[in-house]
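Reader: I would like to learn how to read a structure like this one, feature by feature. Where do we start?

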Amino acid sequence: MILNPAIIALAVSAFIITLMLAYASFFGLRIIRHWDITSGSELQLRLERSTYLISVILSNVLVFQLASLFLFIFTADRMHTLFVGAMCAAGTLKVNAFGYPVLAFKAANFLLAFVWLVINSADLRASDYPYTKIKYSLLLVLAPLVALESAMLGLYVSGLSPDVITSCCGTLFSEGKQGVGSGLASFDPHASLAVFIGLVCMACALGAYAYLKGRGHVAYSVVSLAVLVSGIVAMISCISPYVYELPTHHCPFCVLQAEYGYTGYVFYLTLLIGTGSGLGAGALGMLRPAESLSTVLPAVLRGLVAWSAVMFAANAGITLYLVGSSNLVM
Amino acid sequence: MFTGHRERNILEFTLSSLLRRRGKHLALVVIYTALVFLLASVMFFAGSIREEASIVLRSSPEIILQKMIAGRQDLVPMRYAEVAEKIRGVQRVSPRLWGYYYSPATKSNYTLMVPDNFSYGDGHIVIGNGIARVMSAAKGDRISLLSPEGDPLTFIIAEVMDSRSELISSDLMLVSEGDFRELFDMPEGYVTDLALSVKNEKELSTIARKLSELLPGTRPVLRDEILRTYDAVFNWRAGLMITLLGASVFAFAIFAWDRASGLSAEERREIGILKAVGWETSDIILMKFWEGAVISLSSFLMGMVFAYLHVYFTSGALFWPVLKGWSVLYPEFRLLPHVDLYSIFTLFFLTVVPYTLITIIPSWRTATMDPDEVMRA
Amino acid sequence: MRHKKAEVFLIATAVMATLLCLCLLHGRVQENLRADELAKRSRMVEELMLTDLALFMEARYTRHLSLADRHSAFQDHPMSLEHFPAGSLAGPPPHLTGVER
């Protein structure tokens with residue numbers, strides 16, 4: 001256990017967020033069981049009131065979830081000096097088995113909370129709240145995942161001891177070694193970059209189609225998920241060597257450090273928000289179209305797709321700039 | 001965000017409503033600001049010292065070799081230096097002569113050291129600025145130190161070290177080797193410990209292992225360990241302070257919860273009227289959000305600015321009694337500012353996030369009250 | 001003026017935020033202005049082969065934290081528990097809390 005202000009901050013906020021979501025799920029469960037929009041009973045009135053609470057909690061959770069994702073990486077990055085062998089966040093997260101799972105959960109929960117809020121905002125615009133039951137079922141999925149994330153954060157933090165010898169990003173993400181990181185690093189750099197840019201172009205084309213025709217949102221969300229994955233792969237196998245101007249340095253975390261102008265934050269932020277909106281559009285497209293939403297839904301979907309495509313395009317622009325302005329020739 | 005007419009109206013209304021209950025909200029803002037101030041001061045202070053240590057101590061020797069006898073550090077025979085010198089990768093072995101001197105007159109401890117080449121010669125001494133302050137001595141003055149037998153040795157102060165280096169040199173006294181051995185009656189051929197310089201950092205752990213094999217009973221201290229000591233110590237210290245302050249954060253959370261949920265009759269009437277004139281529940285939630293945002297934003301900004309001024313313009317004046325402890329001698333230093341987005345972000349998570357989350361439920365309760373229920377109450 | 005209070009609040013917040021930015025700017029400027037001071041201290045550490053900051057001078061194991069060993073807190077007699085105020089502030093160095101090398 002290392003007492004560090006940021007770790008305390010992360011642990012405390014994870015604890016409160018988990019409690020709030022547990023509280024919200026309790027209402028969610030009641031809503032799933034007793035929701036009846038046609039009824040004017042006392043219970044229904046109470047349930048309708050609790051929906052406000054849950055939306056407020058979830059929108060707060062979403063914002064703090066995103067912020068805590070970055071605070072977590074930031075903290076891991078800062079703590080690398082405490083561990084023998086670590087040179088950036090990659091080594092700190094490797095100190096015990098829970099580091100990388102916490103990171104993955106944080107990102108996944110952010111995306112889920114994003115989708116939830118998209119469905120919620122569509123639902124609130126209709127007079128008959130058509131998606132209420134779906135929304136609260138999704139909440140019952142999200143809450144345990146966040147609880148699991150907090151528990152793993154607790155395990156990760158309590159298992160941090162300064163005498164552990166960990167590996168630096170140079171060995172975790174190097175070509176020709178075992179492990180996921182090395183596997184990603186040994187992809188052909190130009191192929192992975194081409195796949196990433198290709199997927200972004202595809203997302204933009206599909207986005208334009210969905211924007212104009214009002215169809216193909218599910219396909220768009222699948223592509224946006226692919227963009228996220230290929231973006232991370234491209235970062236490891238191709239973009240990072242260009243940023244560091246070192247053909248053998250494949251670390252996806254060092255790019256977050258100040259010496260690279262925090263470009264890493266812009267890269268990951270645009271990627272995550274783009275994917276979140278894409279998934280949101282897909283989720284709305286997948287749901288049974290509600291009559292009460294027929295006037296509002298197309299506009300909401302158009303907004304989401306446009307926003308997502310713009311984020312991806314910006315991300316691809318940054319990527320091309322980073323690769324293009326690098327002095328490295330590979 | 002502020003361009004929306006509805007938002008502006010609600011913000012205006014929120015401010016009026018906050019100002020109507022000035023006393024209640026002022027108390028909240030004062031406590032909130034004080035909390036941010038305390039947490040931020042601790043973090044800025046510890047962060048600056050940690051940063052300083054990590055930069056400055058990077059120049060310290062790669063390996064320090066000490067000899068231990070019965071759990072105590074003992075003098076190292078010079079023969080050890082010859083053994084260490086033969087290990088591959090060791091560039092140079094420099095003997096270090098240093099020790100502590102307790103001065104009964106000022107009731108303080110000094111650190112005596114022999115520099116590699118002491119240019120002033122026997123009979124001269126260079127003292128740290130902290131010692132000069134405690135003794136009120138200046139360059140050219142004479143001071144005498146007592147040997148274990150009680151014989152005084154008199155030195156001429158050749159130099160007082162730069163006050164800007166106090167963080168590392170406040171209690172240092174530099175003397176020549178001859179004077180040091182005479183003062184402490186230290187036998188020739190022995191030194192306090194050895195400093196090894198190693199060119200290739202990758203060989204450090206191998207060399208440390210070889211040292212313990214060849215010279216059992218010695219303890220190598222690596223530079224990495226020195227650096228990590230200060231990193232960990234100040235992380236720990238800041239963490240400890242924040243855990244202690246956690247009690248205050250908790251008390252503050254209860255206070256905030258209470259403020260947000262304990263509605264006065266007047267406030268209840270206000271909500272009731274708002275609802276009666278057609279405000280939606282979501283409008284009242286928005287108003288409550290603005291209320292929290294106004295309070296958080298002003299307290300957070302004020303607390304941060306005050307903490308910055310406290311730590312870097314008064315050198316953390318409030319911490320001095322704690323830091324000094326029982327020492328008579330303590331360094332006076334101006335910290336180099338080291339505040340970045342990371343510390344601001346962490347502070348935000350320590351204060352604003354808990355406050356916001358904790359006030360959600362009470363403000364929702366307020367916002368969903370029935371107008372008739374409220375008016376009747 | 002219709003939104004007098006809102007405007008006052010927004011201006012006050014902007015002023016506070018600017019002050020905070022000025023503080024951060026002050027930090028950066030100081031860092032540059034006093035870089036030579038820092039370099040001087042680094043040089044001094046190198047020349048004198050120092051290992052520690054002169055922060056806590058009460059006890060030898062707090063004066064030279066990085067050289068403290070497992071016995072230093074009990075050096076006076078076996079039951080002599082750590083009692084210096086600095087000891088409660090500085091905490092144990094990591095090479096003592098970990099596994100013995």
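Author: With burial. A residue counts as buried when its relative accessible area is under 20%, and as exposed when it is over 50%. One caution first: this is a predicted model.

Reader: Take Ser170(B). Is Ser170(B) buried or exposed?

Author: Ser170(B) has a relative accessible area of 0%, so it is buried. Its place is in the loop between α5 (166–169) and β9 (172–174) of chain B.

Reader: Which residues does Ser170(B) touch, leaving out those up to four places away in sequence?

Author: Within chain B, Ser170(B) touches Gly128(B), Asn129(B), Gly130(B), Ile131(B), Tyr330(B) and Pro331(B). From chain C, Ala54(C) and Met57(C) touch Ser170(B) as well.

Reader: Chain C comes up there. How do I read the interface of chain C and chain B?

Author: Start with area. The size of an interface is often given as the accessible area lost when the parts come together. Here the area buried between chain C and chain B is about 7,000 Å². Carbon and sulfur atoms give 68% of that area.

Reader: How many residues does each chain bring to the contact?

Author: Chain C brings 62 residues and chain B brings 87 residues. Polar links cross the interface too. The count is 21 residue pairs in polar contact, both at pLDDT 80 or more.

Reader: Which elements of chain C give two or more residues to the side that touches chain B?

Author: They are α1 (4–33), α2 (35–48), α3 (60–63), α4 (85–90) and α5 (94–97) of chain C. The largest share comes from α1(C), with 17 residues. By type, this side of chain C has 30 nonpolar, 15 polar and 17 charged residues.

Reader: Now the charged residues. What is the idea behind a salt bridge?

Author: Side chains of opposite charge can pair when their charged atoms come close. The structure holds 18 salt bridges over all chains. Across the interface of chain C and chain B there are 3 salt bridges.

Reader: Show me examples between chain C and chain B.

Author: Lys40(C) and Asp162(B) form one, at 3.4 Å, N to O. Arg41(C) and Glu52(B) form another, at 2.4 Å, N to O. Arg41(C) lies in helix α2 of chain C and Glu52(B) in helix α2 (residues 22–56) of chain B, so this pair joins two chains. Both Arg41(C) and Glu52(B) are buried.

Reader: And inside one chain?

Author: Look at Glu201(B) and Arg223(B), whose side chains meet at 3.0 Å, N to O. Glu201(B) sits in the loop between β11 (193–198) and α7 (204–214) of chain B, and Arg223(B) in helix α8 (residues 223–261) of chain B, so the pair ties together parts 22 residues apart in sequence. Arg223(B) has a relative accessible area of 12%, so it is buried.

Reader: Which residues do salt bridges with shared partners join into one network?

Author: Glu52(B), Arg34(C), Glu37(C) and Arg41(C).

Reader: Let us turn to nonpolar cores. Which residues touch the most other members of the largest one?

Author: In this core of 220 residues, they are Leu21(A), Ile54(A), Val227(A), Phe253(A), Leu284(A), Phe44(B) and Met304(B). Helix α2 (residues 42–78) of chain A gives the largest share of the core, 17 residues. A second, separate core has 42 residues, including Val90(B), Val175(B), Ala208(B) and Ala54(C).

Reader: What does Met304(B) touch, leaving out residues up to four places away in sequence?

Author: Met304(B) touches Val36(B), Ala40(B), Phe44(B), Ile344(B), Leu347(B) and Leu20(C).

Reader: Last topic: the backbone. What should I look for?

Author: Most residues other than glycine have a negative phi, and most peptide bonds are trans. Now look at Lys107(B), with a positive phi near 55°. Lys107(B) is in the loop between β4 (90–103) and β5 (108–114) of chain B. Met49(C) also has a positive phi, about 55°, although it is not a glycine. Met49(C) is in the loop between α2 and α3 of chain C.

Reader: Is each of them buried or exposed?

Author: Lys107(B) has a relative accessible area of 57%, so it is exposed. Met49(C) has 11%, so it is buried.

Notes: Residues are numbered from 1 along each chain as its sequence is written. Chains are lettered from A and ligands numbered from 1 in the order in which they are written. This is a predicted model: local features need pLDDT of at least 70, side-chain atom pairs count only at pLDDT 80 or more; totals for chains, interfaces and linings use all residues. Side-chain values use heavy atoms; hydrogens and water are left out. Contact means heavy atoms within 4.5 Å. Buried area is the accessible area (1.4 Å probe) that two parts lose on being put together, summed over both. A salt bridge is a side-chain nitrogen of Lys or Arg within 4 Å of a carboxyl oxygen of Asp or Glu. A polar contact is a pair of N or O atoms within 3.5 Å; within protein, one must be able to donate a hydrogen and the other to accept it, and residues adjacent in sequence count only if both atoms are side-chain atoms. Helices (H or I, at least four residues) and strands (E, at least two) are DSSP runs, numbered from the N terminus. Ala, Val, Leu, Ile, Met, Phe, Trp, Tyr, Cys and Pro count as nonpolar, Asp, Glu, Lys and Arg as charged, and the others, Gly among them, as polar. A nonpolar core is a set of buried Ala, Val, Leu, Ile, Met, Phe, Trp, Tyr and Cys residues joined through side-chain atoms within 4.5 Å. Buried means under 20% relative accessible area, exposed over 50%, partly exposed in between (1.4 Å probe, protein chains only).
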